[in-house]
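Keep the viewer open as you read.

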Amino acid sequence: MTTITFTAMPSDQAASYRRGEADAYGLAPERRMTTGSGYPCRHCLDEIADGEPYLTLAYRPFPALQPYAETGPIFLHAEECPRHAGEDVPPILESSPDYILRGYGHDDRIVYGTGAVTLRENVSARAAELLARPDIAYVHVRSARNNCYQCRIDRA
């Protein structure tokens with residue numbers, strides 16, 4: 001079976017947003033305070049606690065603009081947090097009953113037929129199944145409710 005790893009936003013990119021550098025739309029990230037739950041940080045891949053500052057910004061998890069390079073809103077701890085490192089399923093993938101998983105090729109384009117709503121308990125197995133294919137370079141996990149990017153899954 002293919003071993004997988006859950007890949008968070010790169011630390012240098014998170015640091016640039018925290019310094020107020022432009023997001024994918026050329027805007028400065030918005031700084032706010034959480035009120036309750038539902039604010040998943042894409043760097044530590046954990047929830048931002050109630051009453052903590054966070055950033056909202058437009059994120060494009062692709063190396064370059066192209067037709068399949070989806071951009072959307074994400075949350076990020078406003079203060080430095082440790083980058084998620086690993087093979088363990090991150091806490092942000094435990095808050096919903098299901099997620100959209102989608103495979104991408106080495107050219108950063110969607111590999112058609114790979115996208116599917118996947119039950120939370122099947123995310124790792126489905127990602128491993130997709131990554132066992134030579135035409136799949138990586139998998140994106142997105143919210144099944146709002147289509148927001150959660151994280152990337154790679155071969156370990």
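Strand 4 (72-77) and strand 6 (98-104) each contribute at least two residues to the lining of the largest pocket, and strand 4 gives the most, with three. Strands here are DSSP runs of E with at least two residues, helices are runs of H or I with at least four, and both are numbered from the N terminus. The model is predicted, so local features need pLDDT of at least 70 and side-chain atom pairs count only at pLDDT 80 or more, while totals for chains, interfaces and linings use all residues. Residues are numbered from 1 along each chain as its sequence is written, and side-chain values use heavy atoms, with hydrogens and water left out.

The largest pocket holds about 240 Å³ of space. It is lined by 18 residues, and G38, P40, S95, S143 and Q150 are the closest to its centre. A pocket is an open set of points on a 1 Å grid over the protein atoms alone, where a 1.4 Å probe fits, with protein on both sides within 12 Å along at least five of seven lines; lining residues have an atom within 4 Å of a point. Grid points are joined across faces, edges and corners, and the volume is the space filled by probe spheres set on them.

Next comes the second largest pocket, with a volume of about 170 Å³. Among its 14 lining residues, P10, Y59, P61, Y149 and R152 are the closest to the centre. Strand 8 (138-143) and strand 9 (149-155) are the elements that give two or more residues to this lining.

The largest nonpolar core has 19 residues, and L93 and I153 have the most contacts inside it. Such a core is a set of buried Ala, Val, Leu, Ile, Met, Phe, Trp, Tyr and Cys residues joined through side-chain atoms within 4.5 Å. Helix 2 (123-131) is one of the elements that supply at least two residues of this core; its share, five residues, is the largest. Apart from this core lies another, of 16 residues, including Y17 and L76.

Finally, return to strand 4, where H77 is found. Is H77 buried or exposed? At 11% relative accessibility, H77 counts as buried, because buried means under 20% relative accessible area, with exposed over 50% and partly exposed in between (1.4 Å probe, protein chains only). Leaving aside neighbours within four places in sequence, H77 is in contact (heavy atoms within 4.5 Å) with residues including R18, C41, C44 and E52.
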